[in-house]
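Have a look at the picture, then read on.

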Amino acid sequence: MVEYIAFDADDTLWHHETQFSEAHAKFELLMQEYLTGSYDSQYLFDTEIRNLKHYGYGVKSFGLSMIETALELTDGRISPEHIRFLVNVTKEMLAAPVQVLPEVEAVLDELSGDYPLMVITKGDLLDQESKFVRSRLSEYFRCIEVVSEKDPFSYSRILRRHRIRPENFLMVGNSLRSDVVPVLEIGAQAVYIPRRQTWGREYVQMDEPRPRLYVELEHIGQLPEWLEARQLAA
Ligand SMILES: [Mg+2]
């Protein structure tokens, strides 16, 4: 029986990855001014992954990775003006308006009457809390939990703190790696709502789909009806 529902934030409640794609495009244009050969976007992706262990997830981490990649690709020839440009791209990303995804508000409005809701997101604390406030969705949630990594350990810790039993917990999100696999691992349930644009790192192979605890929906608007059927079956 589902008694508590948690939502992922980025690309589940609001647009996220589009912002990063746009920044990648700006970065590529800038690099083309310096490079004689063609630009390979993999460089920046690789720097991002390499830096996760130093800076964690989020926009600030991405900004530092852009600067580092630019320094490497240009052999240190990048101009101070262009470094400043990259800093400004980063600051603009941090201040950009939060665009809530279609149907999200109606679904939260409906579900928050019947269930306690929370947000579980990974990334930078200041950035995620600020987006949460700017999204104007905070009234629907009991709390927001910002973690540095979404793994079985961090989910278990959150559930223990809120005194929620795993079998009564449902996680809704767009990432198999972060929102589904670790949640199933602790014996809770998950709804996977894929988005066309999702960071490559968030894909994983589901070796052993467990339909009883995990379902894939096309969009968030289908969640209340699915949940009602699920509860009746339970
Ligand atoms: Mg997400």
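1. Start with the sheet: six strands make an open sheet ordered E3-E2-E1-E4-E5-E6, with parallel pairing. Strands are DSSP runs of E with at least two residues, helices are H or I runs of at least four, and both are numbered from the N terminus. Two strands count as paired if DSSP finds at least two bridges between them. At the edges sit E3 (143–147) and E6 (214–216), each pairing on one side only.

2. This is a predicted model, where local features need pLDDT of at least 70 and side-chain atom pairs need 80 or more, while totals for chains, interfaces and linings use all residues. Residue numbers run from 1 along each chain as its sequence is written.

3. Isoleucine 5 has leucine 170 in E4 as its bridge partner.

4. Now the helices H2 (residues 42–55) and H3 (residues 59–73): their axes come within 9 Å and cross at roughly 130°. Axes are lines fitted to C-alpha atoms, for helices over the stretch in contact, and angles run from 0 to 180 degrees between N-to-C directions. H2 and H3 are therefore oblique to each other, that is, neither under 35 degrees (roughly parallel), nor over 145 (roughly antiparallel), nor 65 to 115 (roughly perpendicular).

5. Who touches whom? In H2, Tyr43, Leu44 and Tyr55 are among the residues that meet H3, whose side includes Phe62, Leu64 and Met66. Contact here means C-beta atoms, placed from the backbone, within 7 Å.

Notes
Two residues are in contact if their C-beta atoms, placed from the backbone, lie within 7 Å.
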